[in-house]
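Visitor: Hi! Could you walk me through this one while I look at it?
Guide: Happy to, just ask as you go.

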Amino acid sequence: MTVAETETEERIIRYNNAFTETLRELLLDDPDIFIAGEDVGRYGGVFQSFAGLNAEFGDERVVDTPIAEQAIVGLGIGAAAVGLRPIVDLMFMDFVMVAMDQIANQAAKMKYMYGGKATLPLTITTTGGAGLGAAAQHSQSLEAWLIHVPGLKVVYPSNPYDLKGLLVSCVRDDNPTVFTLHKKMLGSKGHVPEGLYEIPLGKANVVREGTDATIIAIGMMVGEAEKAAETLAEEGVNVEIIDPRTLLPFDTEAVVQSAKKTNRIVIVHEAVRNGGIGAEIAAQIQEEAFDYLDAPIARVAAPFSPVPFSPALETAYVPNAESIAEGVRGVLYRNV
Amino acid sequence: MATKQQSKISKAVLLDLHRRMVRIRLLEEAAGRLASEAKIPGFIHLYVGEEAVAVGGCVALNEGDQITSTHRGHGHLVAKGGQFKPMMAEFMGRSTGYCKGKGGSMHISDLDLGMLGANGIVGGGVPHAVGAAFANKYRKNNLITMAFFGDGSTNIGAFHEAANMACALHLPVVFMCENNEYAEYTPRERVMAITDVADRAVAYGMPGVIVDGMDVVAVYEAAKAAVDRARNGDGPSMIECKTYRFYNHAGVSAFGTPYRTDEEVREWMERDPIKLFEAQLELAQVLSAEEAQAIHDEIQAEVDEAIEFAEASPMPDPSTDMLTDVYTEAP
């Protein structure tokens, strides 16, 4: 299929199906790729994100593992160190914590501490985010824990098209990458071409151009920011939206450029505000563009509590279009 | 017993076992000296006393087979064929070291030799052996992987997860336990309710055997059987080697410590694996005392040369070397 063909014809599929399709095309493309994780084989994954892959590629390439996150990541590290290109799944981002030694002490540092000899083309897939009533241990957004670790790359797609291109780039990258799906977005739809294509890691996407303020939004918050932008447009406010897509390495240049243009910044993420990636992004912007800012950088993020269970609490916990719009009004001094 | 066992093993293998043990011993004694003179920075975990385990294990392997290691990794790398110059340079933090001075003693490695790295996290390397073994099985390359670990690491979750996964996936791994009776500075009986680590093997569904870890031939023979089993597709095994480190967990002291008695240390030193083996080799007329001494002298000269090389080597340059090797750059 040529690029021209994919562009002329809108092919709308779900975020989750884009993930499965990409894995399938990658498995067909490269015999060194295998997938391992809890329930990914015969059952097809708890969200059916791996559906049909075990039946098509067999137990050797789509491997059911014990519930053993350290060993799952360790399996990927050992196999990658000797030349395979593993994709290992951690099911829920909360389980990253169970495997943190293998991720942060082992995978991320191996190249450096072994003097550059180790190459680890390892992809860790997982699902983050709240909104499904999954409570405190199945809903977290832990990207800030990961971006603190030199040696990792951290990716969080906000739509099916980016999902495919970024996943291909992660799997083909020769470094350990953590690829996060948002579990509430699994059913969302978008245009996805057939066939493999790459979106470069470390490159942000300007989702919407604007002049009055910039919203930097991550994952599911990108869609909420777009809704907020519609509301704000009706109020005569023209916002720019930037989706970093890759959180590590971070596209500082893209957000600094936007800050110099709009002079007002609102950063939106689902993780708690305290110590979140918003703090890092704000620091980078003020280092590079302090003189261009017309208001303090605002952060719209979750309150400092575990993710609550009750829908009444959870709905109020996760930032949405309304709270984002309110954040933008704040940096424009329109809500006082 | 020794003579009978040796009769099954070729003279070349016996001499190889001996030479590799002496290589570890002389390198380690020199490293200890240099550490006490502060010429080697950081922590140092010497392998002295445990040589028979690394050597018995690695001589049973083929070229291309992989090993994973521990904090106490110098012996594993030497046993796998590591060279003195880049090792000594790495201990001293020089840019000519195996890890360009970025890893040091605790992360000594040579992936080209299949030595997948010494590891600062107890038990942290065991899952990597499972991953490498998975890759070997996946590629049907007839290679196997040997995981070295201590008694202490069998109490940590990563070990349990890795052992279970290796058995569940029926992978070509040999689990090689160095039971030196102390988890760092704490006696085994304070932190484990069992005496023999090998008892744990049955829980994973693999055979576990116990060998005298001061008897290199016993270790080699047990390792050979486990290696053959793995290579034949019969799955993992565990070997528990009863051994002892002559020096403390870290550093170069042997005596006068509160966690073990000097008498105990001396008793184990009487069972020095190199002395025991040299006596056997002399008795079996494989290697005379004079010939053994010549080997020591030859290796000592190589150690001395490595120290000279390391001391003459440049330190890494903060302005150019700090940020390289964090990531693999796209080709």
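Guide: What follows is a short chat about the fold, the domains and the chain contact.

Visitor: What should I know before I start?
Guide: This is a predicted model, in which local features need pLDDT of at least 70 and side-chain atom pairs count only at pLDDT 80 or more, while totals for chains, interfaces and linings use all residues. Residues are numbered from 1 along each chain as its sequence is written, and chains are lettered from A and ligands numbered from 1 in the order in which they are written.

Visitor: OK, how many helices and strands in chain A?
Guide: Chain A has twelve helices and 14 strands. Both are DSSP runs numbered from the N terminus, with helices being H or I of at least four residues and strands E of at least two.

Visitor: And how compact is chain A for its length?
Guide: As compact as a globular protein of that length, because its radius of gyration is 20 Å, close to the 20 Å from the globule rule for 336 residues. That radius is taken over C-alpha atoms, and the rule is 2.2 Å times the number of residues to the power 0.38. Along the principal axes, the C-alpha atoms of chain A fill a box of roughly 60 × 45 × 40 Å.

Visitor: How much of chain A is buried?
Guide: Buried residues are 56% of the 336. A residue is buried if 20 or more other C-beta atoms, placed from the backbone, lie within 10 Å of its own, exposed if 12 or fewer, and partly exposed in between.

Visitor: Switching topic, which domains does chain A have?
Guide: Domain 1 covers 3-191 and domain 2 covers 205-331, with bounds from an automatic or database domain assignment. Their C-alpha centres lie 26 Å apart. The contact between them takes 26 residues from domain 1 and 26 residues from domain 2; two residues are in contact if their C-beta atoms, placed from the backbone, lie within 7 Å.

Visitor: Which element of domain 1 gives the most to that contact?
Guide: H6(A), with four residues on the side of domain 1 that touches domain 2.

Visitor: What about the sheet with S10(A) in it?
Guide: That is an open sheet of five strands in chain A, ordered S9-S11-S10-S13-S14, with mixed pairing. S9 (205-208) and S14 (298-302) of chain A stand at the edges with a single partner strand each, so one side of each lacks a neighbour in the sheet. From one strand to the next, the twist averages 25 degrees.

Visitor: How do S10 and S13 of chain A run?
Guide: S10(A) (residues 213-217) and S13(A) (residues 265-272) run parallel, joined by four bridges. Strands pair if DSSP finds at least two bridges between them. A:Ile215 stands opposite A:Val266 in S13(A).

Visitor: Now the chain contact. How many residues does each chain give?
Guide: Chain A gives 35 residues and chain B gives 34 residues. On the chain A side, H4 (69-81) and H5 (100-113) are the elements that give two or more residues, and H4(A) has the largest share, nine residues.

Visitor: Is H5(A) enclosed or open, then?
Guide: Largely enclosed by the rest of the structure, because eleven of its 14 residues are buried. Among them are A:Ile103, A:Gln106 and A:Met110.

Visitor: What do those buried residues pack against?
Guide: The buried residues of H5(A) pack against H4 and S5 (123-128) of chain A, together with H6 (126-139) and H7 (157-168) of chain B.

Visitor: And what follows H5(A)?
Guide: A:Gly115 does, and its phi is positive, near 70 degrees.

Conventions: Axes fitted to C-alpha atoms, helices over the stretch in contact; angles between N-to-C directions.
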